[in-house]
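Subject: Structure for you, with notes

Hello,

Here is the structure I promised to pass on. My notes follow below it.

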Amino acid sequence: MAFSLDEIDVRLLGELQTDADRSNVELARLVGLSPAATLNRVRRLKESGVIRHITARLDSAVAGLPLQLYVAITLARHDEAANRRFAAVVRELDQVIAADWVTGETDAMLMLVARDVAELQMALSRLATRGGAQRMITLLRLEELKPASPLPLAATSGQRSRAA
């Protein structure tokens, strides 16, 4: 169920999505609240699950992981045990930096990083042999087209108010 956001929550979340490294005092100034009220709102947004995690975005190539791939996985079996086994292998592979179950001809979509082709081959082999992947389509990521972007909260809340 969606958490109800007011205009100040939306502005605060927008500022945090742009730069989560800002101090509470700076956030308070930007959204027009006292530092104490801002801190309370951020805590409430964390406790509600709207803010899941605050983290730094790293450049994988600069960090020594120049190979970045999307991998579409189709599992050999489609039962609960096979799904759990695959999920366990995905979670233990450090090279897998994101993974989602998806619908359609593909069962899962993964994002992998690797230092070199040998490391990539090891990860793909493990997904096939221990994870039960029957088919893997690898897509080499050439360059970023659009960076991870903030959620369009203002547009969403504006659409809701017009429809009401």
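What percentage of the 164 residues in the chain is buried? The figure is 29%. Buried means under 20% relative accessible area, exposed means over 50%, and partly exposed lies in between (1.4 Å probe, protein chains only).

Some ground rules. This is a predicted model, where local features need pLDDT of at least 70, side-chain atom pairs count only at pLDDT 80 or more, and totals for chains, interfaces and linings use all residues. Residues are numbered from 1 along each chain as its sequence is written, and side-chain values use heavy atoms, with hydrogens and water left out.

Overall fold

The chain has six helices and four strands. These are DSSP runs numbered from the N terminus: helices are H or I with at least four residues, strands are E with at least two. Their order along the sequence is α-α-α-β-α-β-β-α-β-α. The radius of gyration is 20 Å, well over the 15 Å from the globule rule for 164 residues, so the chain is more spread out than a compact globule. That radius is taken over C-alpha atoms, and the rule is 2.2 Å times the number of residues to the power 0.38.

Salt bridges

The whole structure holds 11 salt bridges. Each needs a side-chain nitrogen of Lys or Arg within 4 Å of a carboxyl oxygen of Asp or Glu. Look at Arg41. It bridges to Asp6 at 2.9 Å, N to O. Asp6 sits in the segment before helix 1 (7-18), and Arg41 in helix 3 (residues 35-48), 35 residues apart. Arg41 also bridges to Asp9, with the closest N and O atoms 2.7 Å apart. Asp9 lies in helix 1, so this pair ties together parts 32 residues apart in sequence. Asp9 is buried at 2% relative accessible area, and Arg41 is buried at 17%. Asp6 is partly exposed at 34%.

Aromatic pair

There is one aromatic pair. Phe86 and Trp101 have ring centres 5.7 Å apart and planes at 55°, so the pair is tilted. The rule covers rings of Phe, Tyr and Trp (its six-membered ring) with centres within 6.5 Å; planes under 30 degrees apart are stacked, over 60 edge-to-face, the rest tilted. Phe86 is in helix 4 (residues 80-92) and Trp101 in strand 2 (residues 96-101). Phe86 is buried, at 3% relative accessibility. Trp101 is partly exposed, at 48%.

Best wishes
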